[in-house]
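The exercises below work through one structure, each with a task and a stepwise solution. Please look at the sequence and the structure before starting.

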Amino acid sequence: MGLLIRAGLLVGVILLSSCATRGSQSDERLHSTLWVQTSAEYAVAAVQVFALAAAQADAAMNDPTWTALPELQGPGPDLPIAVIADVDETVLDNSAFAARNILLDRQYSGETWADWVREGAADPVPGAVEYLRWLAVQRGVTVFYVTRREASLEAATRANLSRHGFPLSDTEDTLLMDYEQPDWGSDKNSRRAKIASRYRVIQLFGDNLADFMDIPEGASPKERVRLARTAEHMWGSRWFMLPNPIYGDWEAALMDGLDPAKEEHEALRRKLGELEPT
Ligand SMILES: [Mg+2]
């Protein structure tokens, strides 16, 4: 994006931010976005996740049987060590994009998302750079990023990560995008399997259940909870979940095929119907 356009967009956003009447007063994204952007509680929750991982990292590295991918892990105790992190809302915080959407009173779209990614303005999630840099620099661990961002956004994503000091390998591609290879879809298991064939993967980081396991298409909210709990022994030792109240497959599961961006009123009706008052 040209500098002038970028400057113009920023001025526009700043003007909108200062105008209290813009943005829907009842926008249901308001509370979750403010929680991420302003609360000490969010910052602490994120830092806590990486601190929990750090406390166990040396034990994980020193135990040759330790793996975060027991069903995919390649053979041999001498494999080099890696961790896998999702990008959005796991290491990069896109709450500014959500804030713009609220202030501009617009729903999410692929086009505006791609513009935001190309801008490269996402901040790091609290605690992420510090921990992943420590792993890479002090412990020689390779950090892979497995993201649903499209392959066309790889350079912009790399630049955004690099600007904040996230470790990126000079010798191999550690940023694995959707459909970057013919046999990779938007599910992440094929990419996890590829990494686990050559590395012992000791930890996974994500903000969405699909960052850790394959979830059947159309799984209900209850089914998602049940699946997550079948892996209870993994959470907090090998798998680490970041909080993301703004969006995720949890919301799609509530919608059961409905696109909330296109049918706002019906989406809200369904959400209200999912509340459990007793
Ligand atoms: Mg994510």
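At 3% relative accessibility, F212 counts as buried (buried means under 20% relative accessible area, exposed over 50%, partly exposed in between, with a 1.4 Å probe and protein chains only). The model is predicted, so local features need pLDDT of at least 70 and side-chain atom pairs pLDDT 80 or more, while totals for chains, interfaces and linings use all residues. Residues are numbered from 1 along each chain as its sequence is written, and side-chain values use heavy atoms, with hydrogens and water left out.

**Exercise 1. Find the ring partner of F212 and describe the pair.**

Step 1. The structure holds 15 aromatic pairs (rings of Phe, Tyr and Trp, the last by its six-membered ring, pair if their centres lie within 6.5 Å; planes under 30 degrees apart are stacked, over 60 edge-to-face, the rest tilted).

Step 2. Take F50 and F205 as a practice case: their ring centres are 5.5 Å apart and their planes meet at 25°, so this pair is stacked. F50 belongs to helix α3 (residues 40-62) and F205 to strand β6, so the pair ties together parts 155 residues apart in sequence (helices, H or I of at least four residues, and strands, E of at least two, are DSSP runs numbered from the N terminus). Both F50 and F205 are buried.

Step 3. For F212, the partner is W235: the ring centres are 4.9 Å apart with planes at 70°, so the pair is edge-to-face. F212 is in the loop between β6 and α9, and W235 in the loop between α9 and β7 (239-241), so parts 23 residues apart in sequence are tied together.

Step 4. W235 is partly exposed, with a relative accessible area of 25%.

Step 5. Ring pairs also link F50, Y131, W134, F205 and F240 into a cluster.

**Exercise 2. Describe the surroundings of T90.**

Step 1. T90 is in the loop between β1 and β2. Its relative accessible area is 0%, so T90 is buried.

Step 2. The side chains of T90 and D86 are joined by a polar contact of 2.8 Å (a pair of N or O atoms within 3.5 Å; within protein, one must be able to donate a hydrogen and the other to accept it, and residues adjacent in sequence count only if both atoms are side-chain atoms). A polar atom of the T90 side chain also lies 3.2 Å from the backbone nitrogen of D207.

Step 3. Beyond its neighbours within four places in sequence, T90 is in contact with residues including F50, F205, D207 and L242 (contact means heavy atoms within 4.5 Å).

**Exercise 3. Which residues have the most contacts inside the largest nonpolar core?**

Step 1. This core has 43 residues (a nonpolar core is a set of buried Ala, Val, Leu, Ile, Met, Phe, Trp, Tyr and Cys residues joined through side-chain atoms within 4.5 Å).

Step 2. V91, L132, Y145 and F166 have the most contacts inside it. The largest share of the core, eight residues, comes from α3.

Step 3. Leaving out residues up to four places away in sequence, Y145 touches V91, L132 and F166, among others.

Step 4. Apart from this core lies another, of 21 residues, among them A68, L69, W184 and W239.

**Exercise 4. Is N160 buried or exposed, and what does N160 touch?**

Step 1. N160 is in helix α7 (residues 154-163). Its relative accessibility is 3%, so N160 counts as buried.

Step 2. Not counting residues up to four places away in sequence, N160 touches L92, G120, A121 and A122. A polar atom of the N160 side chain is 3.0 Å from the backbone oxygen of A122.
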